[in-house]
Amino acid sequence: MGLTKQYLRYVASAVFGLIGSQKGSIVFVTLRGEKGRYVAVPACEHVFIWDLRKGEKILILQGLKQEVTCLCPSPDGLHLAVGYEDGSIRLFSLLSGEGNVTFNGHKAAITSLKYDQLGGRLASGSKDTDVIVWDVINESGLYRLKGHKDAITQALFLREKNLLVSRLNSCNGEEEDLEVRVEMTLQDEIQRVTNIKTSAKIKSFDLIHSPQGELKAVFLLQNNLVELYSLSPSAPAPQPVRTSRIALGGHRSDVRTVSFSSDNIAVLSAAADSIKVWNRSTLQCIRTMTCEYALCSFFVPGDRQVVIGTKTGKLQLYELASGALLETVDAHDGALWSMSLSPQQRGFVTGGADKSVKFWDFELVKDENSTQKRLSVQQTRTLQLDEDVLCVRYSPSEKLLAVSLLDCTVKIFYVDTLKFFLSLYGHKLPVICMDISYDGALIATGSADRNVKIWGLDFGDCHKSLFAHDDSVMYLQFVPKSHLFFTAGKDRKVKQWDADRFEHVQTLEGHHQEVWCLAVSPNGDYVVSSSHDKSLRLWERTREPLILEEEREMQREAEYEESVAKEDQPAVPGETQGENYFTGKKTIETVKAAERIMEAIELYREETAKMKEHKAICKAAEKEVPLPTNPILMAYGNISPSAYVLEIFKGIRSSELEEALLVLPFSYVPDVLQLFEQFIQRGSDLEVLCRCLFFLLRIHFGQITSNQMLVPVIEKLKETTISKVSQVRDAIGFNMAGLEYLKRECEAKSEVMFFADATSQLEEKKRKRRKREKLILTLT
């Protein structure tokens, strides 16, 4: 077998350029004891915590893959509940930023989250029309509530009564003949204070009463912006005042072009109204400049200026040091779709919708405002064509120029004479993007027909046609000094390909909307991509080798795990298939947990049988024969097989326990019940054991009661469970009484201290008064 070609893996490094996503809701959070200063904002799969006073991002709550759809802070301000697109809920600590608790119960996106007054219960509503109440302390589901016909928009715990109210937006009212007896109208109760006019469309908002008595309102806007307004409700005519705005960290619209500086340090991103230059290592925005609708860009050699091509056909030249617009040139009559810097770095070429390709040279001209010369551009030649130009690329030798046209072909011309050399045809839709390899041997073209074609540049023959994306291929670029290239598509994916072997190397998943463009750094270590979800993502090349066979195997495993999780829930007797009244949901984690339980019970059976055989051998030999220890039990500290089963039960997450037991086949249940009887007898981990026991009795009631072998086991369990639970209850009662006594003692002591302080203060006042009176007498 020959050597397998190895590649280096690219991994997600950071998300930047995003202030807040549109799908979730913005909420105030309490941090470091301060209310009204910090807000939590959904940012694709993450949650950003912003400091409104400084305009800085101070904490990132790292998500996994799914987009955030709902946020809710806990009443004590220490935790934040985050709901996701796939129906999962994670609880994050705002002190450490870690998410330790995960609830899986919903089948669709979370639309509503609400804690009760003490923060012990959490109600979640979803697009699957169910409401689930979760026990936050025990990390488990309490019950599932069905009945709504559409997505839940809000759920609320009533304060005085133990009631939960949920609502949905529905056009069809189902109630009839409602008798309404209202003494006061809503106008008597609710008064409009004022209107708040924001700078753009509002996607979500949150209100808070600050300790000073003023009302603060924070808004997440559609154009990637957060605004904070404050007003005093007690004033006669309260006027909202905008007190802060988070705008620097992102563009107002989609980024349509990105590019790297020659030293790999600066990243340029340009959108419909602004250009931003970012420091790649710190991800801080170091310069913002206003521009027209940008479509393409590059750093001028030397990295001191940038050139932007716009939708109106203009070339805009900016200086980075001052952020000033040096020059605007009317280059094309239509959109300027593409630019390519010449390999000799003395000029560049542009292609536009006016069916022309124009050649430009850099030159130094005298600046009217200063004595020094400044950079300018001068048009040298024009190549007129029959169709709109979509993309232009120089070959590395600067001998050839590739031009992509609206008629789905790519024409190759000689640069010096502008004579026609080759025509590459085969795409069914226009070629949107293309690139030429570093050695000039290959040209790769990406089209709206979802294919990428690899051509030889010597004869124009098509080496291979690859079905690259599930939607249009938007951008394509070779990795420098290699025949590997990246493509970006409207299917939200960035993919890496090998142009020599025609292999798909890697998929970079992360964006939640169409990917518009990407840029590979000059050293090939970084890739930056921009998307319709307003985010810019940085991908970094690691030293970890990527072997294609292993990658395919991992992909198959991931697909299998996903299919396992999507299978029908196991139906409990008395329920119809497809309906689930338990709070959990079958996931790959619960399936694996059930497999661990089965393996542990099988090990217990084997070890028990071995022990019986060992006893028989010792009896026959009339001496003690050494018993070989199972390596798994040895790894757990040489524990007994039954103790190993208990360890496995304790190791399963509380939120996944019931669903794992639901998947467990009944053939294992008799052994589990017998083991539970031993564990409860010892009084160890009573809470977990009782929870498992009662759940198994609920779901397998018919089979357990009809099995004569299990009747004595159940009788024993009944006796031991009642007695042990009573003992635990008595211990808890005793401890609570002791704590109450200590509390009363502390209060009594503090009262005595308070009265002692008051007496000493009174004595001090009297002494001062007597002293003052003596002083007045001596003066008189």
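Rings of Phe, Tyr and Trp (its six-membered ring) form a pair if their centres lie within 6.5 Å, and planes under 30 degrees apart count as stacked, over 60 as edge-to-face and the rest as tilted. The model is predicted, so that local features need pLDDT of at least 70 and side-chain atom pairs count only at pLDDT 80 or more, while totals for chains, interfaces and linings use all residues. Residues are numbered from 1 along each chain as its sequence is written, and side-chain values use heavy atoms, with hydrogens and water left out.

**Exercise 1.** Classify the pair of phenylalanine 16 and tryptophan 278.

*Solution.* By the pairing rule the count comes to 13 aromatic pairs. In the pair of phenylalanine 16 and tryptophan 278 the centres are 5.2 Å apart and the planes at 75°, an edge-to-face arrangement. Phenylalanine 16 lies in strand β1 (residues 6–16) and tryptophan 278 in strand β22 (residues 274–279), so the pair ties together parts 262 residues apart in sequence; strands are DSSP runs of E of at least two residues, numbered from the N terminus.

**Exercise 2.** Classify the pair of phenylalanine 348 and phenylalanine 362, and state which cluster holds them.

*Solution.* The ring centres of phenylalanine 348 and phenylalanine 362 are 5.5 Å apart and the planes are at 40°, so the pair is tilted. Phenylalanine 348 belongs to strand β29 (residues 347–352) and phenylalanine 362 to strand β30 (residues 356–366). Together with Phe298 and Trp360, Phe348 and Phe362 form one aromatic cluster.

Terms used:
Helix = DSSP H or I, 4+ residues; strand = E, 2+ residues; numbered from the N terminus.
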